[in-house]
Amino acid sequence: MMVDVVRPAVTGYADRFSVAPGEPIEFKISCAEPGEFTAEVVRLRNGDTNPAGPGFREEVVPTPATGRYPGRKQEIRTGSAVIVDDAGGLALTAAGAVHVLAQPTTPALDGQTLLSRWDSAIGTGWWLGLTDGGRLTLRLGDGSTVHETVTQQPLQAWTWYSIIASWHEGATQLTADPTLTSVNSLWSPAIGIVTSTDGTGSGAPAAALAAAPTVLAACWDGAAGMICGHYNGKLDTPTILDGPPDDAARAALARGERPASGLLARWEFSAEIGPAGVAADRCADVGPHSWHGRCHNQPYRGMTGWNWTGEEENYRHAPEQYGALHFCADALEDARWDTDVTLVVPDDLPSGVYALRVTLGGHVDHIPFWVLPPRGTATSRVLLLFPTASYLAYANDHIVPEVPVAQSILGHTSVMAAADLNLLEHPEFGLSTYDHHADGTGVAHSSRLRPIVTMRPGFRHTTGSLWQFPADLHLVDWLMGIGVEFDVATDEDLEREGTELLGRYQVVITGTHPEYYSTRMLDAWETYLARGGRAMYMGGNGFYWVTSYHPDKPYLIEVRKGEAGCRAWQARPGELHMTFTPERGGIWRNRGRAPQKLFGVGFATEGMDRSSAYVPLTDFAHPQASFITDGLDDTTLIGDHGLVGGGAAGHECDRYDLALGTPAHALLLATSAGRHSDNYPLVAEDIFFPFDGMGGTDSFQVRADIVYFTTAGGGAVFSTGSIAWAGSLAHNDYDNDISRLTRNVLTRFADPEPIEPMPLGA
């Protein structure tokens with residue numbers, strides 16, 4: 001039976017996640033239908049619509065932003081490229097030549113541009129790209145005639161070619177010669193199935209001067225005033241000459257060398273590689289005119305080039321082998337919408353989680369933002385730290401509908417709502433780091449400057465439960481429900497301020513799933529705990545993937561996944577090092593910083609069928625845990641209830657593990673070992689050889705553990721080891737074992753009185 005699902009008609013995003021009193025925040029809104037939309041600020045408390053819980057909770061906050069605004073539709077243009085303002089110097093009318101080393105990844109897709117100075121609206125200039133199932137094509141246009149030269153054979157995917165296109169007095173020539181080595185392409189040169197291809201033509205018109213920039217990996221649409229014709233694949237060292245090269249110059253170009261004469265422009269993408277990485281948007285032109293390019297929609301840098309030998313995997317150590325940019329037609333860095341609503345945060349607005357609620361007809365959207373305390377201050381002893389880097393990692397994910405094994409991972413049938421269908425119908429909203437680009441490569445960048453459908457109160461993930469931001473509102477609801485005052489901050493704030501931010505607070509509470517963490521963020525936690533700070537790790541699978549923030553664009557993160565961890569994709573050989581920072585990607589455990597070393601527990605398993613309860617262990621009665629277990633005497637089961645899978649231990653779980661760095665004096669208070677189904681498997685990094693018995697009914701390592709220990713300087717850590725924990729807090733109007741235990745910890749941790757240190761062997 002077909003069901004007509006009404007799609008949302010209004011959406012938007014803010015120019016920042018967090019804002020302090022007295023500062024402005026801008027909201028960009030797009031309406032699919034004509035009319036006026038209403039905007040008002042609401043304070044968010046609970047985003048779970050499950051009728052078994054407290055229900056959706058928000059409170060309207062009067063602000064100057066309240067009002068009616070004219071609606072308009074704003075478009076998003078995806079696709080990465082490099083744009084060059086050459087002041088007309090690369091028009092190349094009667095004669096010219098283009099050389100590029102290229103590795104197309106989807107050559108059969110028609111209309112992909114390699115290099116151009118071309119106005120597609122009126123057919124003027126020159127264009128080099130792929131048409132007709134992957135054949136290399138040169139177009140020359142004078143505004144009335146477009147002449148095409150096409151190679152005889154199509155190019156092959158994931159194969160490096162040395163490509164030359166030239167024209168002179170109406171004669172044209174194209175060649176594409178494979179440059180395969182043992183490591184740089186999909187196939188070995190020994191197989192012999194990739195061959196050279198060429199094409200010639202005559203009678204081509206002189207290319208008219210196009211009112212367009214030179215564009216690498218795309219072309220210009222003068223009528224629409226935007227780039228189009230995007231390319232999927234790599235380009236290395238694009239070079240433009242003032243005429244056809246002679247045989248010596250052709251040979252030099254094929255060897256990756258600078259030609260001896262005729263050079264107009266040559267972009268060496270490796271020129272920006274330095275000790276701090278390669279985050280620059282500039283693409284250096286090393287030719288005589290310095291017509292430098294600028295990156296658009298963040299193409300991937302630090303990528304293996306045509307001459308990569310496989311001997312060095314760090315681009316900083318062999319920059320000459322990392323001269324490629326990888327372009328994707330569906331890449332998105334910034335939606336670039338115009339501002340519709342601006343709010344200057346009132347001085348008396350308390351720190352908390354808010355949203356701009358926009359309404360168009362019967363359609364409503366919430367655009368979340370976080371109000372900080374006044375800059376450099378704290379207004380509470382308690383900080384609730386929201387894992388916004390993880391929100392970005394999962395932003396607009398298509399995990400369930402587009403990953404074939406998703407329902408097997410879930411252990412149940414997924415349910416899709418209108419928001420999910422809307423997301424599928426609008427791929428221009430961008431991808432998550434759990435998705436793949438159109439050419440099959442993993443998505444390594446994620447931005448907050450776009451509508452993030454998954455980061456909304458009330459959003460239920462296709463896993464069937466709450467995930468990330470909506471799940472973290474369970475913590476907000478609980479804190480407000482038991483009357484605890486607290487400040488809020490985001491990962492982006494932690495990345496910017498480091499230990500100074502955490503150090504203002506007696507206790508810092510994490511979100512339910514702080515999975516993606518940068519070096520600076522981890523360092524801040526380590527310093528904070530060493531100085532006597534107190535941490536409540538309220539989730540599971542935290543502090544897992546190495547993550548980098550762009551040094552100049554705080555809205556953008558990078559993740560390179562590979563070789564270990566439960567991962568949706570794996571970085572290609574030689575491309576595991578990130579470029580926003582000069583770090584090796586992957587999981588923190590493989591960088592010597594397993595989560596157990598700071599928080600006592602680390603990722604052990606994930607399962608989405610049902611959550612479980614914890615069983616108290618001997619340490620539950622330890623004298624130094626008495627403040628935690630107060631009021632829970634004779635308890636035999638903890639958390640056999642909850643809004644996330646029916647229990648407090650589930651979804652993704654972390655375990656105590658001395659071999660991975662859990663402090664030897666840590667108390668193991670309770671565990672869910674033996675209480676999970678075989679839909680909870682052991683994590684990939686723990687499996688050296690696959691064999692039967694790795695599920696929840698057999699493996700003792702598949703579990704969630706509750707851990708407590710003290711740190712240097714009077715600090716302490718309490719960890720729940722479970723994403724589902726927060727979903728159990730509101731049960732019975734906050735009067736339950738999980739709520740009591742958590743409140744006991746929070747009350748003691750918020751008290752400045754020093755905590756008695758636990759000696760080794762306690």
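**Close-up 1. Tryptophan 525 and tyrosine 528, about one helical turn apart.** These two residues sit 3 residues apart in helix H9 (residues 519-530), so about one helical turn separates tryptophan 525 from tyrosine 528. Keep in mind that this is a predicted model. A search of the whole structure turns up 28 aromatic pairs. Tryptophan 525 is buried, with a relative accessible area of 0%. Tyrosine 528 counts as buried too, at 4% relative accessibility.

**Close-up 2. Tyrosine 544 meets phenylalanine 603 edge-to-face.** Here the ring centres of tyrosine 544 and phenylalanine 603 lie 5.2 Å apart, and their planes are at 90°, so this pair is edge-to-face. It's a link between distant parts of the chain, with 59 residues separating the partners. Tyrosine 544 comes from the loop between strand S33 (534-537) and strand S34 (545-546), while phenylalanine 603 belongs to strand S37 (residues 601-612). Both tyrosine 544 and phenylalanine 603 are buried.

**Close-up 3. A cluster of rings.** Tryptophan 525 and tyrosine 528 show up again here, joined through ring pairs with Tyr517, Tyr537, Phe543 and Phe599.

**Close-up 4. Arginines over ring faces.** Arginine 448 lies over the face of phenylalanine 17, 5.6 Å from the ring centre. Over at tryptophan 588, the residue lying across the ring face is arginine 593, at 5.6 Å from the ring centre.

How values were computed: Residues are numbered from 1 along each chain as its sequence is written. This is a predicted model: local features need pLDDT of at least 70, side-chain atom pairs count only at pLDDT 80 or more; totals for chains, interfaces and linings use all residues. Side-chain values use heavy atoms; hydrogens and water are left out. Rings of Phe, Tyr and Trp (its six-membered ring) pair if their centres lie within 6.5 Å; planes under 30 degrees apart count as stacked, over 60 as edge-to-face and the rest as tilted. Helices (H or I, at least four residues) and strands (E, at least two) are DSSP runs, numbered from the N terminus. Buried means under 20% relative accessible area, exposed over 50%, partly exposed in between (1.4 Å probe, protein chains only). A charge sits over a ring if NZ of Lys or CZ of Arg is within 6 Å of the ring centre and within 35 degrees of the ring normal.
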